[in-house]
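The questions below ask how the terms used for a protein model are applied. Each answer sets a value against its definition.

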Amino acid sequence: MAAEKASCSKKVVLCEEDIPRAKLPRENVEECTVPQLRRWLLCGGAKTSGKKADLVKRYKDYVKGGLHLKNLRDPDGGVHLARKKVLLGVMDEVDPPHVTDIFPKDGFHEDLTDLPFVNFGTVWKYMIESSNAKKQLSTAKPLVKGFNFFKSGNLVKVTVCSRENKWYLKSQVLPSMKKSSVYNCFILLLPNGHIKSAYCGCPAGVDGRCNHIAAALFGLEEFCKQREKQQQEQTSRTSQPCTWNVPRKRKGEVLPISQMKFKKHEHGKEKKAKERSRI
Ligand SMILES: [Zn+2]
């Protein structure tokens, strides 16, 4: 395995930084939780069974032998390797037909700071309400699938170009199965955050309401949510009531959704889990 990796220097090879949670969050392994250890072992190609003491021992053995780096693998269906290829520009891109005459050819950048506010209502309105009434039944599916695509890290990149009060967005979304190419999605956004039109390179993207477009829209929604939160924290810190003696909620950094972890409630854990699965 190691020799194989070393010999293919031209091939894109994953490293720990490319895989969410492939590194332990704390230096002291004993302080890490069982799920954190299991994730680490999984990424390093090790067995993940056993009690915490077994996992810690295995961790130490692997680190000693450097095995976790030799055996490093993508535990999430190949999405991280595909992402890396897209970001390195070595992945085939599929453009939607006839979009180039509507969208600018250059001037796209990654700074989304001034983007109009996109929220779930906007996404719903575009994906469901503005869709052709005859197709109403099939439109909720891309919404659900798109959200899952987004959460699984299939949305790789979003760039923007604003011209004459219109926002032209280009995003790259990986397909669910064969990750040998990436779809380019183009979205035209109005200053009020409404989606004017969208185009995707996939075969189902003709009407601009496929899973990939939905994934890109959820990415924008999440970005706007995080941006608003950050702005609120920055501007209203002094005008807020006393907060230093209030138990603080743990706040994570702003992360790509593929790296996000959903909070686990210890109390009534099973009940919550059941409730969520019912939704
Ligand atoms: Zn598509």
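Q: Where does UniProt place the feature "domain: SAP"?
A: The UniProt record, an unreviewed entry, puts "domain: SAP" at residues 29–63. UniProt positions follow the numbering used here, feature names are shortened, and annotations may be inferred rather than shown by experiment. This is a predicted model, in which local features need pLDDT of at least 70, side-chain atom pairs count only at pLDDT 80 or more, and totals for chains, interfaces and linings use all residues. Residues are numbered from 1 along each chain as its sequence is written.

Q: What makes up the span of residues 29–63, helix or strand?
A: The span is 63% helix and 0% strand, and its end C-alpha atoms lie 11 Å apart. Helices (H or I, at least four residues) and strands (E, at least two) are DSSP runs, numbered from the N terminus. The chain has 9 helices and 5 strands, in the order α-α-α-α-α-β-α-α-β-β-β-β-α-α from the N terminus on.

Q: Why is Glu110 called exposed?
A: Glu110 has 8 other C-beta atoms within 10 Å, so it is exposed. Glu110 lies in the loop between S1 and H6. In the whole chain of 279 residues, buried residues make up 26%.

Q: How do you know that the buried residues of H6 line one face of the helix?
A: The buried residues in helix H6 (residues 120–129) are Thr122, Val123, Tyr126 and Met127. Seen down the axis of H6, these residues fall within an arc of 115°, so they line one face; the arc is that of the directions from the helix axis to the C-beta atoms. Gly121 and Glu129, on the other side of H6, are exposed. An α-helix has 3.6 residues a turn, so residues three or four places apart point the same way.

Q: What makes a set of residues a nonpolar core?
A: The set must consist of buried Ala, Val, Leu, Ile, Met, Phe, Trp, Tyr and Cys residues joined through C-beta atoms within 7 Å. The largest such core has 36 residues, and Val173, Cys185, Ile187, Ile213 and Ala216 have the most contacts inside it. Helix H8 (211–235) is one of the elements that give two or more residues to this core, and H8 gives the most, with 7 residues. A second, separate core has 10 residues, including Cys32, Leu37, Leu55 and Tyr59.

Q: Why is S4 described as largely enclosed by the rest of the structure?
A: In S4, 7 of the 9 residues are buried, so the strand is largely enclosed.

Q: How do you know that S4 pairs with S1, and in which sense?
A: Two strands pair if DSSP finds at least two bridges between them. Strand S1 (residues 92–94) and S4 have 3 bridges, in the parallel sense, and Glu93 has Val182 in S4 as its bridge partner.

Q: Which way do S3 and S5 run beside S4?
A: S3 and S4 run antiparallel, joined by 7 bridges, with Tyr168 opposite Leu188 in S4. S4 and S5 also run antiparallel, joined by 5 bridges, and Leu189 stands opposite Ile195 in S5. The hairpin of S4 and S5 has 5 residues between the strands, where Gly193 takes a positive phi near 90°.

Conventions: A residue is buried if 20 or more other C-beta atoms lie within 10 Å of its own, exposed if 12 or fewer, and partly exposed in between; C-beta atoms are placed from the backbone.
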